[in-house]
Amino acid sequence: MTTTPARDVVDIENLSVTFATDAGDVAAVQDVSLAVTAGEVLAIVGESGSGKTVTARSILGLLPETALTRGAIMLTSKDGGSTSDVVTLSRRDLGQVRGRDAAMVFQEPSTALNPVFPVGWQIAEGLRAHGGLSKKEARAKAVDVLRRVGIPDPEVRVDHYPHQFSGGQKQRIVIAQALALDPGVIIADEPTTALDVTVQAEILDLLRRCRDEFGAAIVLITHNMGVVADLADRVAVMYQGRIVEQADVRTLFSAPQDEYTRQLLGSVPRLGEGRARTAERAAARPAGWAAATPVVEARDLRIVYPGRLRQPDFVAVKGVSFSIRPGEVLGLVGESGSGKTTIGRAIAGLTKVTGGSLQVHGVEMNGVKERRFRPVRERIGFVFQDPASSFNPLLTIADAVAEPLVVHGRAKNPHEARGRVDELLEAVQLPKSFGDRFPHELSGGQRQRASLARAIALDPELLIADEPTSALDVSVQKRVLELFDELQRELGFACLFISHDLAVVDLLADRIAVLYKGELVEEGTGEQVLGAPQHPYTQRLLASLPVPDPDAQALRRTEWNRLRS
Amino acid sequence: MATAASTVETAADVPAAGRRPRGWRGLPVVRQLRQSVGLQRGMLVAGLVLTGIFLLTAIFAPLLAPYEYNQLRDPSGPFGAQQEPSSAHWLGTTVGGYDVFSRVIWGTRTALLVIVAAVLMSIVIGVLLGLVAGYFGGWLDRVLVVVADAIYAFPSLLLAIVVGIVLNGGESSLRGGIMAAAISITVVFVPQYLRVVRAETVRIKAEAYVESARVIGASHWRIMSRHVFRNATRTLPLILTLNASEAILTLAGLGFLGFGIEPTAAAEWGYDLQKSLSDVTSGIWWTSLFPGLAIVLVVLGLTLVGESLNDLADPRLRTRRRGPATPADVAETSVMPGAYAADTLYVDQKGSEL
């Protein structure tokens, strides 16, 4: 970093992007002006569809053929030697600019790497495409850059294939690929969304080093305000294709100017918000409550997925014990692969229990027959994670919500159930007319509310919610969580709330159970688990969670570094 | 209810896509026709016109054809064999003394009957087997897939011949002939439907809405009929049109080889072609040209419809209408005040949509 720090590496002026679609042209980005100074981290935040990814991708000219770009994107090389307008560049010149002046880090590391080539080859490919390096030199450089992104034994690992690395390591390799040509700016499109919280903290640390050690500016696209607070120097908030606010990170979090930014920050769940509520709920319980028969009781529950040919069986859940009492909300937290979804599916009878005991409404699930379990199904509701696929695309919302009523004989056909369906839609605050719509005509949040309506249609005593808000934007998530809480209080069902997000679980759950690699490592109230975590994994999990406050996050980062060393 | 939250909600919860047109505009082929542009539209329209003519001819054959398909004489006497095209016989007569024009027109009926019978039978059987195989899996699935693969490996015409012989020996009435052709075509096509439906069923089985139905406690039959069936068969119209054209070729092939329908039972293009083989060398062109042309046009029409529907169903292959603005004039507008450029662009595209 020998040049003056005030130089802009990217200067976007009046950028507008429209896409040709079946429904006519759609404007994705309108009149956006942005500048990225050398060596800074600019975060672009906004909900899905706000145009943040399109804006960032246009810097590299990576838009599909249906896109029409207007405006100017001036990209300056790192040494300040050349400046070019990406919008007008020819295909060949674009190839030159990509990688050298700007590079990209994608959201999903497992699909960003080609599975049939060694990672070193893939890094070297980019180096050789820009010429001047022999095979040997390129390899040496690949080893070097792998070492710098923190891959152990880079001399050996350089010849390994992508599947031999973990998700976090793969993201490191993708970052190494981006860093290989020492670009002036790295565009990171949701670089940590697909990763677990503990891995996310490490990748964020690496990105911070990209800025400090490599001197690269970073354009960080994210919807996670905690990540923004952790990494960004400056923030641009996008809403419906326009930038509504641009400020440095402290100003934005402490004194947001725009109404939308304020709402966005207000919807982010924060740790500790649910404690008062939990205490209040606990106090309101009747005397004999603790002795009541649990709705769900697991004793040494084991769930094993049989391995394929010549592969060992996979033990998803290893001897877990817990219980859910009537009217209680149990939050189940853990990273991907920890077995939390498997437990939820086992309770709903979607996955076979292979060992131990799991009692659901008094029925033993270990070796249960569908005929025995069928009457119990009536008393269980399930909300799925992905609102996009949890509705039959050919049925109207009313038909889908009526389905449980028809199956259990409470109504002869969907038409007859319409009265009850309207009530249910009203309960989840959807207009009655939405019943006549098809799933694709609803937004994600609306669909998830309809999904809730379907789950409570039979007035179940137990509701299983498998990451119900993880596919939603924060502002929508807040609405759904509030609604969920309201319904739970009104209807009083017991609930297993599965999530990877500690803050969300804390908001709703009476008790929190932490799963780690198929084992239950800690269980207790929010105050116990989040206030004074006992197990090292819980401590690490908690310290890795970025909080939406730059100053508090800086403190937590020191704590995280202490735990790591 | 916090009011702030609900305002965010209304802003964020805008429906993702425009509503799909309902009513007649939402009908399968009509929707694709409205959606298509350029060359794809040209192909689809050409295919639809050819197919339309084929269908109308088949329906109104008794009105259009001057003679019966097996008519050899009129009040003024026999037609005579191998007559050149004239005012009495527009396309001449065949070696057997039939009127070529009438036979070509009546032939559309036979072709249509075979298509309908073959496609109906293979769809019903194929979809049912595919659903069961994909949904339940296990040994039944494996057996069905192996059998389907074995049938695949068979040359389809040979199989059709075998089935034809088994079904009606030497007999060749209208019904027998049509059923022989239809069933032999069915046997060849069932594996195709089975595979497509099975693959879709396996995919759909893992979708959250099927799991959701299982959680609710819906029976297997209800899940299959209400949730899987219609979703798994959405791509069938595409295979259907392509198979229809294959059915015609198989029918003509059978007829040409002599396993088809006798001229006294129905008009069949393959048979006429075979009988005209010797005519070609003696310079009699009309007996072979017109049945051949009929086969080519009908197959072409059906294939065009099938291929363009196929392309239109795939968002990556579908070409879209776009505004008058092209990327070429970006360089020029980038010097203009941005807000103005953006606004005119927006207006332009709105205008072009109307």
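In chain B, helix α11 (residues 236-257) and helix α14 (residues 286-313) have axes that come within 8 Å and cross at roughly 160°, where axes are lines fitted to C-alpha atoms, for helices over the stretch in contact, and angles run from 0 to 180 degrees between N-to-C directions. This is a predicted model, in which local features need pLDDT of at least 70, side-chain atom pairs count only at pLDDT 80 or more, and totals for chains, interfaces and linings use all residues. Residues are numbered from 1 along each chain as its sequence is written, while chains are lettered from A and ligands numbered from 1 in the order in which they are written.

**Helices of chain B**

- α11(B) and α14(B) are therefore roughly antiparallel to each other, a label given to angles over 145 degrees.
- The crossing of α11(B) past α14(B) is left-handed, meaning that the near helix is turned anticlockwise from the far one by less than a right angle.
- Residues of α11(B), including B:L238, B:L242 and B:I248, meet residues of α14(B), among them B:V298, B:L302 and B:L309, contact being defined by C-beta atoms, placed from the backbone, that lie within 7 Å.
- Chain B has 16 helices and two strands, which are DSSP runs numbered from the N terminus (helices H or I, at least four residues; strands E, at least two).
- Of the 354 residues in chain B, 42% are buried, that is, have 20 or more other C-beta atoms within 10 Å of their own, with C-beta atoms placed from the backbone.

**The six-stranded sheet of chain A**

- An open sheet of mixed pairing is formed by six strands of chain A in the order β16-β17-β18-β13-β19-β20, two strands being paired if DSSP finds at least two bridges between them.
- Because β16 (380-383) and β20 (519-525) of chain A stand at the edges with a single partner strand each, one side of each is left without a neighbour in the sheet.
- From one strand to the next, the twist averages 15°.
- β16(A) runs parallel to strand β17 (residues 462-466) of chain A, to which four bridges join it, and A:I380 stands opposite A:L462 in β17(A).

**Antiparallel strands of chain A**

- Strand β11 (residues 296-305) and strand β14 (residues 355-360) of chain A pair in the antiparallel sense over five bridges, with A:Q359 in β14(A) as the bridge partner of A:E297.
- β14(A) is also joined by two bridges to the antiparallel strand β15 (residues 363-364) of chain A, where A:E364 is the bridge partner of A:Q359.
- The hairpin of β14(A) and β15(A) has two residues between the strands, and A:H361 takes a positive phi near 50° there.

Notes: Buried ≥ 20, exposed ≤ 12 C-beta atoms within 10 Å, placed from the backbone. Parallel < 35°, antiparallel > 145°, perpendicular 65-115°, else oblique. Contact = placed C-beta atoms within 7 Å.
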